[in-house]
Amino acid sequence: AVQALSLLAMPVLLAVPLAWLWSPETLASLGQSAAAGTNLLHLAEGPVTSGMRWRMAGASLPTVGIGLWLLWQLWRLFGEYRRGAVFSPLALGGLRRFAWGMLALAVDQPLSQALMSVAVSWDNAPGHRQLMVSVSSNDYALLLGALVFLAIARVMAEAARVAEENEGFV
């Protein structure tokens, strides 16, 4: 199920930059997260321009890239789990890479929102451009989750090492 959900999420993530190009107002109204640009369109003093659309699409690329990489790590990790290779080097590495990717996403979210605020307000008159930096409880929760996954990955690697060591005694 995780692999199927990962596959379903990939085209959705790939569509985010295109949605900023085609219809940023619609994407904002769908209730996307603040890091994706919701509630930032009010920073523009004029109408949405094509330049703004391209900047918003570009500003979404790092988050989309991290998200795609995370989904690929999940795909590989749960492929190993499906094979029953819970402690294989590929599974342990996949879990560790997933945790680091979540940590990268936790750092990226506030930076992405700041970049998006600049992208939206860039066409404003000098002195009216804005850089909005904020950290939310969602960012904190993502950071905490990433650190928990890093700890679990470390514990599982140690368990695999101990199991391998024990097999040598038999």
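**Conventions.** I am working on a predicted model, in which local features need pLDDT of at least 70, side-chain atom pairs count only at pLDDT 80 or more, and totals for chains, interfaces and linings use all residues. Residues are numbered from 1 along each chain as its sequence is written, and side-chain values use heavy atoms, with hydrogens and water left out.

**Helix H4.** I took helices as DSSP runs (H or I, at least four residues), numbered from the N terminus. H4 covers residues 89-121. I checked its length against the expected span, 1.5 Å times one less than the number of residues. The 33 residues should span 48 Å, and the end C-alpha atoms are 47 Å apart, so the two agree. I then looked for a bend, meaning the angle between axes fitted to the seven residues ending at a residue and the seven starting there. H4 has a kink of about 35 degrees at Asp108, shortly before the proline Pro110.

**H4 with H5.** For packing I used axes fitted to C-alpha atoms over the stretch in contact, with angles from 0 to 180 degrees between N-to-C directions. H4 and H5 (residues 137-169) pack at about 165 degrees, their axes 8 Å apart. The two helices are therefore roughly antiparallel (an angle over 145 degrees). I sorted the contact residues by class: Ala, Val, Leu, Ile, Met, Phe, Trp, Tyr, Cys and Pro as nonpolar, Asp, Glu, Lys and Arg as charged, and the others, Gly among them, as polar. The contact of H4 with H5 has 21 nonpolar, two polar and two charged residues.

**H3 with H4.** I found the axes of H3 and H4 coming within 9 Å and crossing at roughly 170 degrees. That makes H3 roughly antiparallel to H4. Their contact divides into 21 nonpolar, seven polar and five charged residues.

**H1 with H3.** H1 (residues 2-22) packs on H3 at about 175 degrees, with the axes 9 Å apart. H1 is thus roughly antiparallel to H3. I counted 22 nonpolar, five polar and two charged residues in this contact.

**Aromatic pairs.** I searched the whole structure for rings of Phe, Tyr and Trp (its six-membered ring) with centres within 6.5 Å. The search gave two pairs. Phe78 and Tyr81 form an edge-to-face pair (planes over 60 degrees apart), at 5.1 Å centre to centre and 75 degrees between the planes. Being three residues apart in H3 (residues 50-83), Phe78 and Tyr81 are separated by about one helical turn.

Methods
Angles under 35 degrees count as roughly parallel, over 145 as roughly antiparallel, 65 to 115 as roughly perpendicular and the rest as oblique. Rings of Phe, Tyr and Trp (its six-membered ring) pair if their centres lie within 6.5 Å; planes under 30 degrees apart count as stacked, over 60 as edge-to-face and the rest as tilted.
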